[in-house]
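Trainee: I would like to learn how to read a structure like this one feature by feature. Could you take me through it slowly, with the general idea before each case?

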Amino acid sequence: MNKVAITGATGLMGRSLMTILGASFNTQGIGFNRASGNIHKLDLNDEAAITAFLDEHQPDALIHAAAERRPDICEQAPEQALALNVKVTEFLAQQCKKRNIRLLFISTDYVFDGDNAPYDEFSKTNPLNFYGQSKQRAEQAVLATCGQHTIIRVPVLYGDVTHLAESAVTVIAEQVNPLKHSKHDNWAIRYPTHVEDIACTIRDLLKHPQHLGGIFHISNHQALSKYEMACIIADVLGYPKTLLEPQSKPEHTAQRPYNCALKDTRLSKLNIQHQRDFNKAIAQVLNSNR
């Protein structure tokens, strides 16, 4: 394993993958709207451009991190979500198989309905919203194409952002206010996970002497509602928590699952574990973004 290509390289996850994997592998980032510098500009809807890229760069592995991840946007523009989340993924899986390239597809905990947590890698999927359904279909296409390809399921992500709204976690810092009340979901249970921990885990999987295909779960195990995250963030920002209002029911366009805790049984057996305390980590992220 030497050359690793990464789609979505300009995004929150992609940037961390470029940094962490770049220390161990020859990495080539792929982007589109924000592609600049050493990031290869590539329209993932252009199949001819994809095959030309793979033939020119000949990566040993391709990490497909590009996706439409916003559930409400997926609900409102399903055709666009299907094109990127399903069609592109299936084509990449097919082309990687032809070239003996290992594909690692970044999926989501939203492939589960949230009623029977925790979920291991072999639990039955049953997504509630269109975003989860698109990822479920993409997973099925990847595994049907090649059993040696890898599915990486992750929960809600945060890390070093370019702007607070880039993450569903850090955007909470824009919603809390030192002068007026703000409402935050206190129903759904989430497991916010730092993108660096995911990147380090993927690095370890790529370095593993065995070719590890199939499904892996990567997740922090600290359970928090968005209201509880807001309380922690308010403490970091020095805002009064008395202005935070917990909501007992979600208010979204797309339905959200209650609790999609991911049980990482395969990683545990491999002794691959990268975790960090959310309270400390979110403080570092927000302080560096001030």
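Mentor: Helices (H or I, at least four residues) and strands (E, at least two) are DSSP runs, numbered from the N terminus. Please keep in mind that this is a predicted model, in which local features need pLDDT of at least 70 and side-chain atom pairs count only at pLDDT 80 or more, while totals for chains, interfaces and linings use all residues. Residues are numbered from 1 along each chain as its sequence is written, and side-chain values use heavy atoms, with hydrogens and water left out.

Trainee: How many residues does H5 have, and what should they span?

Mentor: H5 has 16 residues, which at 1.5 Å a residue should span 22 Å, and its end C-alpha atoms are 22 Å apart, so the expectation and the model agree.

Trainee: Which residues of H5 are buried?

Mentor: Buried means under 20% relative accessible area, exposed means over 50%, and partly exposed lies in between (1.4 Å probe, protein chains only). An α-helix has 3.6 residues a turn, so residues three or four places apart point the same way. In H5 the buried residues include Phe-130, Ser-134, Ala-138, Ala-141 and Thr-145. Ala-144, which also lies in helix H5, is by contrast exposed, because its relative accessible area is 68%.

Trainee: What covers the buried residues of H5?

Mentor: Contact here means heavy atoms within 4.5 Å. The cover includes helix H3 (71–76), H4, S5 and S6. H5 (residues 130–145) lies across strands S5 (102–108), S6 (150–154) and S10, running at about 160° to S5, where axes are lines fitted to C-alpha atoms, for helices over the stretch in contact, and angles run from 0 to 180 degrees between N-to-C directions. Helix H7 (residues 195–207) also packs on the sheet, touching S1, S4, S5, S6 and S10, and its direction makes about 150° with that of S5.

Trainee: What is the order of the strands in the sheet?

Mentor: Strands of a sheet pair through backbone hydrogen bonds, either parallel or antiparallel. Two strands count as paired if DSSP finds at least two bridges between them. This open sheet has seven strands in the order S3-S2-S1-S4-S5-S6-S10, with parallel pairing. S3 (40–41) and S10 (214–217) stand at the edges, each with a single partner strand, so one side of each is left without a neighbour in the sheet.

Trainee: Where can I see the pairing residue by residue?

Mentor: You can follow it across the sheet: S1 (residues 3–7) and S4 (residues 61–64) pair over four bridges, with Ala-5 opposite Leu-62 in S4. S4 and S5 also pair over four bridges, and there Leu-62 stands opposite Leu-103 in S5. S5 and S6 pair over five bridges, with Ile-106 opposite Ile-152 in S6.

Trainee: Are the faces of S5 covered or open?

Mentor: Both faces of S5 are covered, with Arg-102, Leu-104, Ile-106 and Thr-108 buried on one side and Leu-103, Phe-105 and Ser-107 buried on the other.

Trainee: At what angle do H2 and H4 pack?

Mentor: A crossing is left-handed if the near helix is turned anticlockwise from the far one by less than a right angle, and right-handed if clockwise. H2 (residues 47–57) and H4 (residues 78–98) pack at an angle of about 35°, with their axes 11 Å apart, and their crossing is right-handed. Glu-47, Ile-50, Thr-51 and Leu-54 in H2 meet Lys-87, Phe-91, Leu-92 and Gln-95 in H4. Of these, Leu-92 counts as buried because its relative accessibility is 2%, and among residues beyond four places away in sequence, Leu-92 touches Ile-50, Leu-62, His-64 and Leu-103.

Trainee: Which backbone features should I look at last?

Mentor: Most residues other than glycine have a negative phi, and most peptide bonds are trans. Here a cis peptide bond, with omega about 0°, joins Ala-117 and Pro-118, and Pro-118 lies in the loop between S5 and H5. Gln-58 has a positive phi of about 45° although it is not a glycine; Gln-58 is placed in the loop between H2 and S4 and counts as exposed, because its relative accessibility is 57%. Asn-271, likewise not a glycine, has a positive phi of about 60° and lies in the loop between H9 (265–270) and H10 (278–288).

Conventions:
Expected span 1.5 Å × (residues − 1).
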